[in-house]
Amino acid sequence: MASQEPPRAPAQQAEDASPAGTLARIRTALPSLAPSERRVAEAVLADPAQAAELSISALGGRADTSVATVMRFCRAIGIANYPQLRLALAAAAAREHALGGERPAPGTDISATDSLDEIVSKIIYNEVRALEDSGAGLDVEVLGRAVDAVAGARRIDIFGVGASAFVGQDLHQKLHRIGHMAFIWTDRHAALTATALLGPGDVAVAVSHSGETEDTVEPLQAAAERGATTIALTNSPRSTLADSADLVLTTCARETPFRSGATVSRIAQLAVIDCLFVGVAQRSFDATTAALEKTYGAVQRRRRPQSQRRAPAEG
């Protein structure tokens with residue numbers, strides 16, 4: 001039976017037609033897809049090569065849904081029709097084969113019987129995949145606008161709680177080192193107090209993997225009401241946080257039940273933060289280089305002199 005959910009805007013524009021970009025868009029869109037569309041996505045991600053060989057009705061049958069739902073799924077990930085999806089999946093499967101080696105399935109969770117070697121393999125694989133997919137799915141035009149906003153801002157206020165707070169602190173520390181007036185707020189009351197001082201020409205950056213953390217969403221919305229330019233960094237481009245932001249930077253890191261809040265999501269966020277920061281730093285290259293040298297020198301003096309360091313044990 002066909003799903004009755006109303007059509008929605010694509011998660012991302014279809015111009016990112018790279019093989020990695022196609023699978024990245026599907027993984028990123030997963031949390032916001034309707035249940036029937038999510039089953040299609042999961043069938044595709046389980047075996048892109050096999051899915052590329054299926055007719056639209058066969059894929060619908062495998063996902064226990066209708067042809068109409070498969071078409072809605074295509075539109076939800078920014079692909080115009082099913083033949084284009086099959087071509088994209090075939091290319092993605094060829095890319096996976098070219099990478100070579102035995103790899104765990106994307107998103108594979110840790111099991112009670114996994115050996116330590118298998119745990120290491122799964123964790124490293126998923127973290128590398130998150131970086132690859134996040135890079136493929138990152139909208140460089142939006143990133144450029146975010147760089148412009150941050151580089152020219154009077155002040156930058158950063159919001160994040162829990163694991164996302166560590167990512168916000170990293171951005172704050174980086175911007176502060178090159179002379180930008182940046183603040184990090186990990187408490188909702190403090191964040192809301194800070195937004196009262198924002199206005200046009202200021203920037204607010206909110207970090208949330210789910211995009212639904214109220215302690216992060218509310219301050220960003222308050223900053224928008226004050227006229228500040230708002231930037232969201234999230235794994236869910238159709239989340240409340242994304243809807244509340246002027247500019248949305250997305251990651252593509254799929255957390256699993258055993259590793260909810262895992263390092264994989266923070267690694268992807270930190271990579272995007274690095275892209276944003278380097279873009280900002282590059283705008284004033286000479287001044288940035290001088291500031292980094294000064295701040296490095298400030299802590300270099302705190303290091304123990306070579307003559308006082310303990311010699312390595314012999315044998």
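Patches are made of residues with over 30% relative accessible area and no salt bridge, where like charges are joined within 9 Å and nonpolar side chains (Val, Leu, Ile, Met, Phe, Trp, Tyr) within 5 Å. Accessible areas come from the Shrake-Rupley method with a 1.4 Å probe, and for residues only the protein chains shown count as cover. A salt bridge is a side-chain nitrogen of Lys or Arg within 4 Å of a carboxyl oxygen of Asp or Glu.

The structure is a predicted model, in which local features need pLDDT of at least 70, side-chain atom pairs count only at pLDDT 80 or more, and totals for chains, interfaces and linings use all residues. Residues are numbered from 1 along each chain as its sequence is written, and side-chain values use heavy atoms, with hydrogens and water left out.

The chain has 14 helices and 5 strands. Helices (H or I, at least four residues) and strands (E, at least two) are DSSP runs, numbered from the N terminus. The chain has 315 residues, and 45% of them count as buried. Buried means under 20% relative accessible area, exposed means over 50%, and partly exposed lies in between (1.4 Å probe, protein chains only). The chain exposes about 15,800 Å². Carbon and sulfur atoms supply 55% of that area. Contact means heavy atoms within 4.5 Å. Among contacts in the chain with a separation of 6 or more, 69% come from residues 24 or more positions apart.

One nonpolar surface patch covers about 370 Å². Leu116, Val120, Ile124 and Val128 make it. Val128 lies in helix α7, which runs over residues 116–137. Val128 counts as partly exposed because its relative accessibility is 37%.

Helix α2 (residues 35–46) has 12 residues. Its first and last C-alpha atoms are 16 Å apart, close to the 16 Å expected at 1.5 Å a residue. The expected span is 1.5 Å times one less than the number of residues in the helix. Buried residues in α2 are Ser36, Glu37, Val40, Ala41, Ala43, Val44 and Leu45. Leu45 is buried because its relative accessible area is 10%. Leu45 and Ile26 are 19 residues apart in sequence, and their C-alpha atoms are 7.9 Å apart in space.

Helix α13 (residues 263–283) has 21 residues. From first C-alpha to last, α13 reaches 30 Å, close to the 30 Å expected. Its buried residues include Val264, Ala268, Val272, Ile273, Leu276, Phe277 and Val280. Gln269 and Ser265 are also buried in α13.

A nonpolar core is a set of buried Ala, Val, Leu, Ile, Met, Phe, Trp, Tyr and Cys residues joined through side-chain atoms within 4.5 Å. The largest such core has 28 residues. Those with the most contacts inside it are Val150, Ile156, Leu175, Val203, Ile231, Leu249 and Leu276. At least two residues of this core come from each of α8 (140–151), β1 (156–159), α9 (163–177), β3 (203–208), β4 (229–234), β5 (247–250) and α13. Leaving aside neighbours within four places in sequence, Leu276 is in contact with Leu143, Ala146, Val147, Val150 and Leu171. A second, separate core has 26 residues, including Ala29, Leu54, Leu59 and Ile79.

The whole structure holds 12 salt bridges. One of them joins the side chains of Glu141 and Arg145 (3.7 Å, N to O). Both residues lie in helix α8, 4 residues apart, about one turn of the helix. Glu141 is partly exposed, with a relative accessible area of 47%. Arg145 is also partly exposed, at 41%.

Arg188 takes part in two of the bridges described here. In one, Asp215 pairs with Arg188, and the closest N and O atoms are 2.7 Å apart. This pair links distant parts of the chain: Asp215 is in helix α11 (residues 214–225) and Arg188 is in helix α10 (residues 188–195), 27 residues apart. In another, the side chains of Glu218 and Arg188 meet at 2.4 Å, N to O. Glu218 in α11 and Arg188 in α10 are 30 residues apart, and this pair also links distant parts of the chain. Asp215 is partly exposed at 30%, Arg188 at 25% and Glu218 at 27%. Salt bridges that share partners also join Asp170, Lys174 and Asp274 into one network.
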